Amino acid sequence: MGGASVAPRMSLRGRDVISIRDLSREEIEEILAAGRRMIPYAEGSKVSRPLADQIVAMAFFEPSTRTRLSFESAVQRLGGSCITIADMSATSMRKGESLSDTIHMLSGYADAIVIRHPNEGSARLAARVSAKPVLNAGDGAGQHPTQTLLDLATMQEAFGTLAGLRVVLLGDLRFGRTVHSLAYALALFGADLVLTSPPTLGLPEELKAPLEHLGAKVTTEPDIARAVADADVLYVTRIQKERFPDEAEYRKVAGSYRIDASVLAHAKPRLIVMHPLPRAGEIAAEVDATPHAAYFRQAFLAVPVRMALLDAVLGEPKRKG
Ligand code: NCD
């Protein structure tokens with residue numbers, strides 16, 4: 001690629017990405033387009049190093065496999081390097097250090113910070129403290145905007161468009177941060193939303209209102225078979241066990257839905273099944289071999305999409321503001 005960057009010419013340089021609402025529709029479109037161009041670089045068949053000499057801190061205070069490793073892969077494919085906190089128990093936070101002190105210090109060690117933390121609002125707090133751009137990789141039951149970017153990329157790759165798609169969001173819509181960010185973005189792009197969840201795990205009202213404000217068609221369909229029948233996308237989520245205030249409440253809903261070949265028997269031939277992963281029994285392994293399974297492609301697209309975002313945020317000049 002030489003000196004020419006595949007990053008879009010946009011105003012993301014030095015910006016924080018904490019909520020999906022921090023990005024305009026045009027900015028999301030540009031990231032998705034740049035993400036498509038990044039695929040051969042993510043696969044390693046082309047090489048570009050726009051992040052050479054840059055360091056990205058991975059501050060992960062909650063378990064992660066895909067998000068952290070795809071971010072690390074993205075940084076390294078772009079020629080940058082990472083410093084990583086992968087386990088809160090191995091940091092001075094165990095000694096009582098505050099999140100803001102930890103972030104303050106990290107912002108002196110790195111050119112950007114990717115943070116995942118169990119508390120909603122923690123990424124916004126980190127962005128206020130950090131002199132360097134902060135990317136939210138999941139804040140409690142809050143937001144997960146970079147997951148949304150790769151989710152949109154997966155749907156766009158499959159269908160060529162997002163407008164008019166009928167997308168079923170299935171599972172834990174109450175505590176699931178991936179669907180909190182995704183529902184907003186889908187509404188922004190004119191998709192129709194079908195909400196399917198156990199009654200106690202519905203999408204919070206305060207997140208529904210903005211969807212209606214955007215003019216989205218949002219319906220609630222508790223019956224999975226009926227929801228799947230005319231869907232283009234079935235986005236399955238894990239019940240977020242760790243966010244339940246009460247174990248007894250979790251037990252009431254545990255295992256209450258499962259997608260298998262029989263559920264998909266009457267689906268549209270082009271239906272894609274997505275899942276941010278990890279799955280914990282919501283999708284039977286037999287689905288993997290069907291043409292509906294899109295979750296491993298989705299997990300791969302994390303790399304080019306995060307490359308596009310990092311390139312856009314960290315291109316020269318690298319300071320915030
Ligand atoms: C999700 C998360 O952490 O919110 N995982 C991910 O980032 N791919 C979904 C989940 O943990 O259920």
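Which pocket is the space taken by the ligand? The space that the ligand takes is the largest pocket.

## Basis of the model

This is a predicted model, in which local features need pLDDT of at least 70 and side-chain atom pairs count only at pLDDT 80 or more, while totals for chains, interfaces and linings use all residues. Residues are numbered from 1 along each chain as its sequence is written, and side-chain values use heavy atoms, with hydrogens and water left out.

## Ligand site

A pocket is an open set of points on a 1 Å grid over the protein atoms alone, where a 1.4 Å probe fits, with protein on both sides within 12 Å along at least five of seven lines; a molecule sits in it if more than half of its atoms lie within 2 Å of its grid points. Around the ligand (a heavy atom within 4 Å) are T67, R116, H144, Q147, R177, T178, R238, Q240, P276, L277 and P278. This shell comprises three nonpolar, five polar and three charged residues (Asp, Glu, Lys and Arg count as charged; Ala, Val, Leu, Ile, Met, Phe, Trp, Tyr, Cys and Pro as nonpolar; the others, Gly among them, as polar).

Polar contacts are pairs of N or O atoms within 3.5 Å. A side-chain N or O atom of T67 is 2.9 Å from a ligand oxygen. Ligand nitrogen atoms lie 2.9 Å from a polar backbone atom of P276 and 3.0 Å from a backbone N or O atom of L277. The protein buries 93% of the 320 Å² that the ligand exposes when taken alone (Shrake-Rupley method, 1.4 Å probe).

## Backbone geometry

L277 and P278 are joined by a cis peptide bond, with omega about 10°. P278 belongs to the loop between β9 (272-274) and α11 (295-314); helices (H or I, at least four residues) and strands (E, at least two) are DSSP runs numbered from the N terminus.

D53, in the loop between α1 (25-43) and β1 (55-60), has a positive phi near 75°. Most residues other than glycine have a negative phi, and most peptide bonds are trans.

How values were computed: Polar contact = N/O pair within 3.5 Å; in protein donor to acceptor, adjacent residues only side chain to side chain. 1 Å grid on protein atoms, 1.4 Å probe; cavity = no way out; pocket = protein on both sides within 12 Å on 5 of 7 lines; lining within 4 Å.
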